[in-house]
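Subject: Structure handover

Hello,

Here is the structure I promised you. Please open it next to this email and follow along.

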Amino acid sequence: MTPRKPPVTRAAGPRAASAEAGRMPYGATPSKNRTGPRNTTPPKNGTGPGATVSQLDRSGGGTPAPGTVIDFPTPRKSHRLRTLLLTISALMLVLGGVVAYAVFSPALALRTVVVEGNVLVPTQEVDAALAPLTGTSLTRISADRVRGLLADKAPIEDVQIAAEPPSTLVVTVRERVPVAVLQSGREFVLIDAEGRQLASVAQRDQIKLPLIDGGTNAVNSEVFSSITTVLAELPVGVLSRLNNASAASVDSIQLSLSGDQRIFWGSSERSAEKARVLEAMLAMPASDPPVREFDVSTPDRPVTR
């Protein structure tokens, strides 16, 4: 009988060992700490094979867990620019609303007109001329528009306006200055230095201005502009004392004062100097006998007679 050979035990190769290591009984739960070759690579945060690796704090500034979405902060410059643009847009909207309210709101509609500085033009005439502005917003009423409505009023040279919310407009009138009077029938017409007719009065003594001879046709005479040039240079105090102004030629202008005193002016040249000299002469104490004529035709050498 041939003896049985003992079984030969072969060393498991790498492939068999790997397969054997991968087998586990049916129903067994894999162990978290799988047995296998030790990792001989030293840990990064350790000092040797027995070093302990600390776990990173996931809630702080450590490495985020896999699958976490990271929100990157908005750059500060872009954030400031966006905030600035939003602020400007909001301010523009508010400003636009304020402008629209000021222009179209009935709360600022004109209801009252206050007229100042007028003497020759009655206030009622100014109010009637500006009546079309009633109900218009104060912000839409300009000085040019007011001037246009008052353009046919000869005494008015210019106007200034000022709004007094909620509904009042103050109109300050600057009138032309009358320098003489012309007789027209039974009335007396006030004229300025350009011969523009400003107003009419019924009585001569209502106006303390010199009367220019020749009636309303005097404005067409050759000497008229010379006379009015002289009168425009006289101070109000002297002008109010004159009774009459006349001229046979442009070089022989004469004025008459109350009390039967005369002024020989000569031509209209150097009228400003002559006016100052005449004012000083009239301020002198009365003489005995009284002066009948003041000659200022040569202002450097005035003469009294």
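Start at Pro289. Pro289 sits in the loop between helix H7 (271-282) and strand S11 (293-295). Helices (H or I, at least four residues) and strands (E, at least two) are DSSP runs, numbered from the N terminus. The bond joining Asp288 and Pro289 is a cis peptide bond, with omega about 5°. Another cis bond runs from Pro165 to Pro166, with omega near 10°. Pro166 lies in the loop between strand S2 (156-164) and strand S3 (168-175).

Now some ground rules. This is a predicted model, in which local features need pLDDT of at least 70 and side-chain atom pairs count only at pLDDT 80 or more, while totals for chains, interfaces and linings use all residues. Residues are numbered from 1 along each chain as its sequence is written, and side-chain values use heavy atoms, with hydrogens and water left out.

How confident is the predictor? pLDDT is its confidence in each residue, from 0 to 100. The mean pLDDT of the protein is 81. Of its residues, 71% reach 70 or more. Over residues 43-48 the pLDDT is below 50. That stretch has four contacts (heavy atoms within 4.5 Å) beyond near neighbours in sequence. Residues 50-58 are also below 50, and they have eight such contacts. Where pLDDT is low, the predicted coordinates should not be read in detail.

Next, the overall picture. The protein has seven helices and twelve strands. Of its 305 residues, 30% are buried. Buried means under 20% relative accessible area, exposed means over 50%, and partly exposed is in between (1.4 Å probe, protein chains only). Take the contacts between residues at least 6 apart in sequence: 46% of them join residues at least 24 apart.

Which residues have the most contacts inside the largest nonpolar core? They are Ile212, Leu231, Leu234, Leu255, Ile263, Trp265 and Leu278. This core has 38 residues. A nonpolar core is a set of buried Ala, Val, Leu, Ile, Met, Phe, Trp, Tyr and Cys residues joined through side-chain atoms within 4.5 Å. Helix H7 gives the largest share of the core, five residues. Look at Leu278. Setting aside neighbours within four places in sequence, Leu278 is in contact with Leu234, Val238, Ile263, Trp265, Phe294 and Val296. In soluble globular proteins, nonpolar side chains tend to be buried together.

Now turn to the charged pairs. The structure holds twelve salt bridges. A salt bridge is a side-chain nitrogen of Lys or Arg within 4 Å of a carboxyl oxygen of Asp or Glu. Here are three of them.

- Arg147 and Asp144 meet at 2.7 Å, N to O. Both lie in helix H4 (residues 143-149), three residues apart, about one turn of the helix. Arg147 is partly exposed at 28% relative accessible area, whereas Asp144 is exposed at 57%.
- Arg174 pairs with Glu157, the closest N and O atoms being 3.9 Å apart. Arg174 is in strand S3 and Glu157 in strand S2, so the pair ties together parts that are 17 residues apart in sequence. Arg174 is partly exposed at 45%, and Glu157 is partly exposed at 45%.
- Asp300 and Arg270 meet at 3.1 Å, N to O. Asp300 lies in the loop between S11 and strand S12 (303-304) and Arg270 in the loop between strand S10 and H7, so the pair ties together parts that are 30 residues apart in sequence. Asp300 is exposed, at 53%.

Salt bridges that share partners join Asp144, Arg147, Glu157, Asp158 and Arg174 into one network.

Stay with Arg270 for a moment. Arg270 has a positive phi of about 55°, although it is not a glycine. At 38% relative accessibility, Arg270 counts as partly exposed. Glu269 lies in the loop between S10 and H7 too. Glu269 is exposed, at 57%.

Last, Gln160 in strand S2. Is Gln160 exposed, partly exposed or buried? Gln160 is partly exposed, with a relative accessible area of 45%. Not counting residues up to four places away in sequence, Gln160 touches Arg147, Val170, Val171 and Thr172.

Best wishes

Note on methods:
pLDDT is the predictor's confidence in each residue, from 0 to 100.
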